[in-house]
Amino acid sequence: MGCHRKRTINYSLGVAVLCGTIGAAMAGCSKPLLSPTEERSPFDRYDNVRGNYAPQYIEDQYGRREPNLRGRLTPKE
């Protein structure tokens with residue numbers, strides 16, 4: 001009786017892990033919430049009209065893409 005119960009628990013755990021893995025994979029393929037091409041807020045439109053728009057991401061000296069925190073958080077003129 002103990003062997004059957006242990007096998008049932010292992011099977012249930014395996015199914016749960018498989019479902020979780022499939023769910024995570026499907027969520028990774030979905031469309032991003034905030035697209036880099038769309039405006040993030042009305043403030044972005046305001047900055048763009050006045051020529052102060054800071055892009056969401058920039059490339060560092062090694063060609064890696066990183067968030068443009070300095071450009072987006074510095075005070076505007």
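Guide: The protein chain has an accessible surface of about 7200 Å², and carbon and sulfur atoms account for 61% of that area. Such areas come from the Shrake-Rupley method with a 1.4 Å probe, and for residues only the protein chains shown count as cover. The model is predicted, so local features need pLDDT of at least 70 and side-chain atom pairs count only at pLDDT 80 or more, while totals for chains, interfaces and linings use all residues. Residues are numbered from 1 along each chain as its sequence is written, and side-chain values use heavy atoms, with hydrogens and water left out.

The protein chain has 77 residues, 9% of which count as buried. Buried means under 20% relative accessible area, exposed means over 50%, and partly exposed is in between (1.4 Å probe, protein chains only). Three helices and two strands make up its secondary structure, in the sequence order α-α-β-β-α. These elements are DSSP runs numbered from the N terminus: helices are H or I with at least four residues, strands are E with at least two.

The part to look at is the region of the two strands. Strand 1 covers 57–59, and strand 2 covers residues 65–67. Pro-67 belongs to strand 2 and is partly exposed, because its relative accessibility is 45%. Not counting residues up to four places away in sequence, Pro-67 touches Gln-56 and Tyr-57; contact here means heavy atoms within 4.5 Å. Gln-56 and Pro-67 are eleven residues apart along the chain, with 6.1 Å between their C-alpha atoms.

Tyr-57 also takes part in a charge-ring arrangement: the charged end of Arg-65 sits over the Tyr-57 ring, 3.8 Å from its centre. The rule asks for NZ of Lys or CZ of Arg within 6 Å of the ring centre and within 35 degrees of the ring normal.

Side chains of opposite charge can pair when their charged atoms come close. Asp-60 and Arg-64 form a salt bridge, with 3.2 Å between the closest N and O atoms. The term requires a side-chain nitrogen of Lys or Arg within 4 Å of a carboxyl oxygen of Asp or Glu, and the count comes to one salt bridge. Asp-60 counts as buried because its relative accessibility is 15%, whereas Arg-64, at 51%, counts as exposed.

Pro-55 is partly exposed, with a relative accessible area of 36%. Leaving aside neighbours within four places in sequence, Pro-55 contacts Asn-68 and Arg-72. From Pro-55 to Asp-44, eleven residues apart in sequence, the C-alpha distance is 9.6 Å.

Helix 2 spans residues 42–49 and includes Asp-47. Asp-47 has 13% relative accessibility and therefore counts as buried. Its contacts, not counting residues up to four places away in sequence, are Asn-52, Tyr-53 and Lys-76.
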